[in-house]
Amino acid sequence: MPSDGRVTGSVDGAISGPGELVARALKDDAAAWAALVERYTGMLWTIARSYDLSVADSADVAQTAWLRLVERLHLIRNPDGVGAWLAATAHRESRRTIQRARRERPAPVEPAVAFGHVDYDVRRLLAGLPERCRKILRVFAQAPPLSYAEVAAALEIPVGSVGPTRQRCLARLREHMAGDA
C-alpha cells in the first residue's frame, strides 16, 4: 500500500504493483485488467479535465488511452511505468481533442451567469490566473484526491515542484479574491 494509504490495485485479493498487473494483463487476466482500470481511470479523467474538456470529451480521452494500452501493451518497455505511459497518452489525446475542437467548433460566446453568481466569480477568478495555476488547482479539486506523484504525472512537472507550485497558485488566487472583496 502506498504511503498515502490508497490501495493500488489487487488481483485475487493481493496488492499488486503495476509491473505485475501488466504481466498478468498480457496473459489475458481479467482481474489484472480490472485492477489496472481501477487504479488509473481517475488519473486519466483528471488529466483530461485539467484541459477543460467536457465530460464527454474527457470520457473519450480516457477510453482512447485504454484502447492505446490494449493495442500496445506488449510494446511497453517498463511495465512499472504503465501509469506514466497512460498519463502521457492522456495528455497527447487531450491536446488532440482541443486541436480538433478548434477546427470543428466556432469560438464560444461569453456565457450568461448560468451557474449562479458564486460559480461565475470562481470561474472569473480562475481565468485571471496563469494557465499553470488553473491546471494545478483543477487537478487538486478532483475527487478522489491524487497523490503528488500522480499530480506530477498528470501535469508533467517534477514531483518536488507540486507542493510549492500549488502554494504559489493558492496565494495568487487569494490575492485575486481579496481584490474582488
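A nonpolar core is a set of buried Ala, Val, Leu, Ile, Met, Phe, Trp, Tyr and Cys residues joined through side-chain atoms within 4.5 Å, where buried means under 20% relative accessible area with a 1.4 Å probe and protein chains only. The model is predicted, so that local features need pLDDT of at least 70 and side-chain atom pairs count only at pLDDT 80 or more, while totals for chains, interfaces and linings use all residues. Residues are numbered from 1 along each chain as its sequence is written, and side-chain values use heavy atoms, with hydrogens and water left out.

**Exercise 1.** Describe the largest nonpolar core and the elements that supply it.

*Solution.* Begin with the membership: the core holds 26 residues, of which Leu36, Leu44, Leu69, Val82 and Leu86 touch the most other members. Next, assign elements, taking helices (H or I, at least four residues) and strands (E, at least two) as DSSP runs numbered from the N terminus; two or more residues each come from α1 (18–26), α2, α3 (55–72) and α4 (82–104). The largest share, 9 residues, is that of α2. Then inspect Val82, which is in contact (heavy atoms within 4.5 Å) with Pro18, Val22, Leu36, Tyr40, Leu69 and Ile76, residues up to four places away in sequence not being counted. Finally, another core of 14 residues lies apart from the largest one, and includes Leu129, Cys133, Leu137 and Cys169.

**Exercise 2.** Determine how helix α6 packs against helix α7, and which residues make the contact.

*Solution.* Axes are lines fitted to C-alpha atoms, for helices over the stretch in contact, and angles run from 0 to 180 degrees between N-to-C directions. On this basis α6 (residues 131–141) and α7 (residues 148–155) pack at about 135°, their axes being 11 Å apart. That angle makes α6 oblique to α7, since angles under 35 degrees count as roughly parallel, over 145 as roughly antiparallel, 65 to 115 as roughly perpendicular and the rest as oblique. Lys135, Ile136, Val139 and Phe140 of α6 meet Tyr148, Val151 and Leu155 of α7.

**Exercise 3.** Work out the geometry and the contacting residues of α2 and α6.

*Solution.* First, the axes of α2 (residues 30–50) and α6 come within 9 Å and cross at roughly 145°. Second, the α2 residues Thr46, Arg49 and Ser50 meet Lys135, Arg138 and Val139 in α6.

**Exercise 4.** How many helices and strands does the chain have, and in what order do its elements run?

*Solution.* The chain has 8 helices and 2 strands, arranged from the N terminus as β-β-α-α-α-α-α-α-α-α. Of its 181 residues, 36% are buried.

Technical notes
Buried means under 20% relative accessible area, exposed over 50%, partly exposed in between (1.4 Å probe, protein chains only).
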